[in-house]
Amino acid sequence: MSINGTRTLLALLSFTWLMPFAAAHAQKREASASLPVQVMPGLQATSPEEAAAALTHEWRAPYTLREGKLPARRERELRRCTDLDGVGVNDVDVTVTHEFHAFQMKFIQCRALQRVARAQPSRVSHVREVLTMKAPGEVLPAALAAAFSDEDAGRLAKAARTGRSWHDVDKALRFEMAPNGAQWRELQVQGESDEGYLQWWATGDFNADGYEDVLVFRSLGATGGSIADLAAFVLTRTHPKGVFQVLERLR
């Protein structure tokens, strides 16, 4: 064999020998690729770092603990999210309905900011498509339906355990893009006996399993009434199709 032929053979052998290593390196690089945490305008932060900083920002006006609630706590005023550690919604001195709902919203936002501040980039996502769905009721879980009573809560919990969707428990469920909805990632919601809105707040890995999760807030009120159900949910899906699962409910 000529010298050139020998060189060609050695080059081919070297290439063949290196192929498994190159493939393994490519797989490793693909596995380590990450999807960054996304924070959307409704949460009033743009990153996990901003979310962490927002936890210590003082509010325009403080809230006060109710008389007799948490008596061991010397500081009775609540001025920032970090003051809410160990505090429940019913521990706070708000009696007027609209004030209660305003504080409940702030309480939920604070808990959501905590989750976002700790969120990690994800390796795999089966949730992002829901952010652009015009009618996500078929994939959102039944737990997102309004629960205005213990009976409602029990019925929805049973439906959620069997993997039923929001649309399954409310056949009249309809969604419309809210004004400025594309910017705020917001949909208007109309159900059989309630109405309100839904906002996508963030995506990221909230439970450190490598899969991307989505943080969504929804506010629903009884049609023609004053009762309301406000809550945020951490949802996930570990396969491309099917109804999302609830990892956590923030309320």
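Six helices and nine strands make up the secondary structure of the chain. The model is a predicted one. Of the 251 residues in the chain, 39% are buried. The accessible surface of the chain is about 14,300 Å², and carbon and sulfur atoms account for 54% of that surface. Among contacts between residues at least 6 apart in sequence, 55% link residues at least 24 apart.

**Nonpolar cores**

- The largest nonpolar core contains 35 residues, and Leu43, Leu78, Leu113, Val116, Trp201 and Leu215 have the most contacts inside it.
- At least two residues of this core come from each of α2 (48–54), α3, β6 (194–204), β7 (213–222) and β8 (228–236).
- The biggest contribution to this core is that of α3, with eight residues.
- Leaving out residues up to four places away in sequence, Leu43 touches Gln109, Ala112, Leu113, Val116, Trp201 and Leu215.
- Another core lies apart from the largest one and has 26 residues, including Val127, Ala146, Val216 and Phe233.

**Largest pocket**

- The volume of the largest pocket is about 250 Å³.
- Its lining consists of Leu43, Gln44, Ala54, His57, Glu58, Trp59, Arg60, Cys81, Lys106, Gln109, Cys110 and Leu113.
- By type, the lining residues of the largest pocket are six nonpolar, three polar and three charged.
- With four residues, α3 gives the most to this lining.
- Leu43 and Leu113 line the largest pocket, and both are also among the residues with the most contacts inside the largest nonpolar core.
- Gln109, a further lining residue of the largest pocket, is touched by Leu43.

**Second largest pocket**

- The second largest pocket holds about 220 Å³ of space.
- Lining it are Pro141, Ala143, Ala147, Ala153, Leu156, Ala157, Ala160, Phe233, Gln245, Val246, Arg249 and Arg251.
- Nine of the residues in the lining of the second largest pocket are nonpolar, one is polar and two are charged.
- Both α4 (150–161) and β9 (245–250) supply at least two residues of this lining, and α4 has the largest share, four residues.

**Thr82**

- Thr82 sits in the loop between β3 (77–78) and α3 (97–118).
- The relative accessible area of Thr82 is 34%, so this residue is partly exposed.
- Setting aside neighbours within four places in sequence, Thr82 makes contact with Leu55 and Thr56.
- From C-alpha to C-alpha, Thr82 and Arg111 are 9.7 Å apart in space, while 29 residues apart in sequence.

- Asn180 is not a glycine, yet its phi is positive, at about 60 degrees.
- The loop between β4 (174–177) and α6 (181–184) holds Asn180.
- Asn180 counts as exposed because its relative accessibility is 54%, where the cut-off for exposed is over 50%.
- Ala208, which is not a glycine either, has a positive phi of about 60 degrees.
- Ala208 is found in the loop between β6 and β7.
- The relative accessibility of Ala208 is 53%, so Ala208 counts as exposed.

Conventions
Residues numbered from 1 in each chain as written. Predicted model: local features only at pLDDT ≥ 70, side-chain atom pairs only at ≥ 80, totals over all residues. Heavy atoms only, no water. Buried < 20%, exposed > 50% of the residue type's maximum accessible area, 1.4 Å probe, protein only. Contact = heavy atoms within 4.5 Å. 1 Å grid on protein atoms, 1.4 Å probe; cavity = no way out; pocket = protein on both sides within 12 Å on 5 of 7 lines; lining within 4 Å. Points joined across faces, edges and corners; volume = space filled by probe spheres on them. Nonpolar A, V, L, I, M, F, W, Y, C, P; charged D, E, K, R; others polar. Areas by Shrake-Rupley, 256 points an atom, 1.4 Å probe, with all protein chains shown as cover. Core = buried A, V, L, I, M, F, W, Y, C linked by side-chain atoms within 4.5 Å.
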